[in-house]
Amino acid sequence: MMTSVDTELIRVLADPLRLRIVALLARETLCTTHLVEETGARQTNLSNHLRVLREAGVVETEPCGRFTYYKLRPDVIAQLADQFAELAATARTAADNKRACP
């Protein structure tokens, strides 16, 4: 069981479209219109996914006139990566540990 990893954040990022959005925002700050063009998703569907990402703290918004730009919060992704790195380090040190069956 992965108790040391943020399972809620993993659930949020498990959706293929949300993961695609995160990958796109890792390269540049984009508005919803750009994200619709890049993903081919419907605007309402995309807005719902962006809301989930925003509520999870993965992205933040930046108003610009009548548009809203979205940018990735790299610290959140780095924190998740650190948690996985710690999990991998634990697995490496425990590789020879084997619990005997009753």
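Leaving out neighbours up to four places away in sequence, His49 touches Asp15, Leu17, Arg18 and Ile21, where a contact means heavy atoms within 4.5 Å. His49 sits in helix H4, and helices here are DSSP runs of H or I with at least four residues, strands are runs of E with at least two, and both are numbered from the N terminus. With a relative accessibility of 11%, His49 counts as buried; the cut-offs are under 20% relative accessible area for buried, over 50% for exposed and partly exposed in between, using a 1.4 Å probe and protein chains only.

Before going further, a word on what you are looking at. This is a predicted model, in which local features need pLDDT of at least 70 and side-chain atom pairs count only at pLDDT 80 or more, while totals for chains, interfaces and linings use all residues. Residues are numbered from 1 along each chain as its sequence is written, and side-chain values use heavy atoms, with hydrogens and water left out. The chain has an average pLDDT of 91, and 96% of its residues reach at least 70; pLDDT is the predictor's confidence in each residue, from 0 to 100. Confidence is highest in helix H2 (residues 16-27), with a mean of 97, and lowest in helix H5 (residues 74-93), with a mean of 90.

Let's stay with H2. Its twelve residues reach 17 Å from first C-alpha to last, close to the 16 Å expected at 1.5 Å a residue, the expected span being 1.5 Å times one less than the number of residues. Leu17, Arg18, Ile21, Val22, Leu24 and Leu25 of H2 are buried. Viewed down the helix axis, the buried residues of H2 fall within an arc of 165°, so they line one face; the arc is taken from the directions between the helix axis and the C-beta atoms. Pro16, Ala26 and Arg27, on the other side of H2, are exposed.

Back in H4 (residues 43-55), we find Leu53. Leu53 counts as buried because its relative accessibility is 0%. Beyond residues up to four places away in sequence, Leu53 touches Val12, Leu13, Arg18, Ile21, Val22, Val58 and Val59.

Val59 leads us to the sheet, where it stands opposite Leu72 in S3. Three strands form an open, antiparallel sheet in the order S1-S3-S2, with strands counted as paired if DSSP finds at least two bridges between them. Strands S1 (30-31) and S2 (59-64) are at the edges with a single partner strand each, so one side of each has no neighbour in the sheet. S2 and S3 (residues 67-72) run antiparallel and are joined by six bridges.
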